[in-house]
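Have the structure open while you read.

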Amino acid sequence: MNQQIFRLLRQDIVTARIPPGVLLSEKEISRRFAVSRQPVREAFIKLAEAGLVQILPQRGTLVVKISVREVAEGSFIRQAVECALARRLAEQISPAQLLALEHNLHQQRLAAQEGQADAFLMLDDQFHQLLARFAGCELAWQTIESIKATMDRVRFLSLEAVSPPEVLIQQHAQIITSLQAQDADATEAAMTVHLQEIGRSVTAIARQNGDWFID
């Protein structure tokens, strides 16, 4: 139950349904999910570990502002790991794996056409998880997942105007094209361009939503 509550609250925070600066109450969240306070308290601890909230004794649990520094650091780590995975995968990818990536990309296009931002971001994550799995290092994706909550908040905010799904889909398509050619250099370059997108978008997003960001 605490894991389910964690995932739902994480989604609400990432998508700004619960914006930065809001105080979460154990009592109110317990009532929302019709559970005791213990699983809510455990979910809050996991959210704090993900860098999304700060637990304030006697006051509540604060949804923290988005740290530009943490976004930059997470982006640096993610780029180092996923570019290495991309190079490895280019040397060993199979036709069946390419087909799975193309199917995922098709689903991304459908989600974008229907304006389903949540579904698109889920498929985006699945695309990167597939790359790690096919490269034989799914632990790399698990590591990335543990540090990317702050980046996910920027990703969602940037979808409408700064980094629309069409741009990200085009970048994913270029990664697949390079993998099809089994060109390790081109695949790494395509992945680099894609993962640098968040660095380009965070400045614009922070300017548009100044009250939600800290340096």
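Does Q182 count as buried, exposed or partly exposed? Keep in mind that this is a predicted model. Q182 counts as partly exposed, because its relative accessibility is 47%. You'll find Q182 in the loop between α9 (165–180) and α10 (184–195). Its backbone deserves a look too: Q182 is not a glycine, yet its phi is positive, at about 50 degrees.

Another glutamine with a positive phi is Q58, at near 70 degrees. Q58 sits in the loop between β2 and β3, and with 83% relative accessibility it counts as exposed.

That loop takes us to the strands. β2 and β3 make a hairpin, with three residues between them and Q58 in the turn. Strand β2 (residues 53–56) pairs with β3 in the antiparallel sense, over four bridges. Strand β1 (residues 23–24) also runs antiparallel to strand β3 (residues 60–63), and two bridges join them.

Now for the helices. Where do helix α1 (residues 2–14) and helix α8 (residues 149–158) stand relative to each other? Their axes come within 8 Å and cross at roughly 50 degrees, so α1 and α8 are oblique to each other. On the α1 side the contact is made by R10, I13 and V14, and on the α8 side by A149, D152, R153 and F156. By type, the residues of this contact divide into four nonpolar and three charged, with no polar ones.

Last, the cysteines. How many disulfides does a search of the whole structure find? The count is zero. The closest cysteine sulfur to that of C83 belongs to C137 and is 14 Å away, which is too far for a bond because a disulfide needs the two sulfur atoms within 2.5 Å. C137 is likewise in no disulfide, its nearest cysteine sulfur being that of C83. As for burial, C83 counts as buried at 6% relative accessibility, while C137 is partly exposed, with a relative accessible area of 26%.

Here are the accessibility values side by side:

| Residue | Relative accessibility | Class |
|---|---|---|
| Q58 | 83% | exposed |
| Q182 | 47% | partly exposed |
| C137 | 26% | partly exposed |
| C83 | 6% | buried |

Methods: Residues are numbered from 1 along each chain as its sequence is written. This is a predicted model: local features need pLDDT of at least 70, side-chain atom pairs count only at pLDDT 80 or more; totals for chains, interfaces and linings use all residues. Side-chain values use heavy atoms; hydrogens and water are left out. Two strands pair if DSSP finds at least two bridges between them. Axes are lines fitted to C-alpha atoms, for helices over the stretch in contact, and angles run from 0 to 180 degrees between N-to-C directions. Angles under 35 degrees count as roughly parallel, over 145 as roughly antiparallel, 65 to 115 as roughly perpendicular and the rest as oblique. Contact means heavy atoms within 4.5 Å. Ala, Val, Leu, Ile, Met, Phe, Trp, Tyr, Cys and Pro count as nonpolar, Asp, Glu, Lys and Arg as charged, and the others, Gly among them, as polar. Buried means under 20% relative accessible area, exposed over 50%, partly exposed in between (1.4 Å probe, protein chains only).
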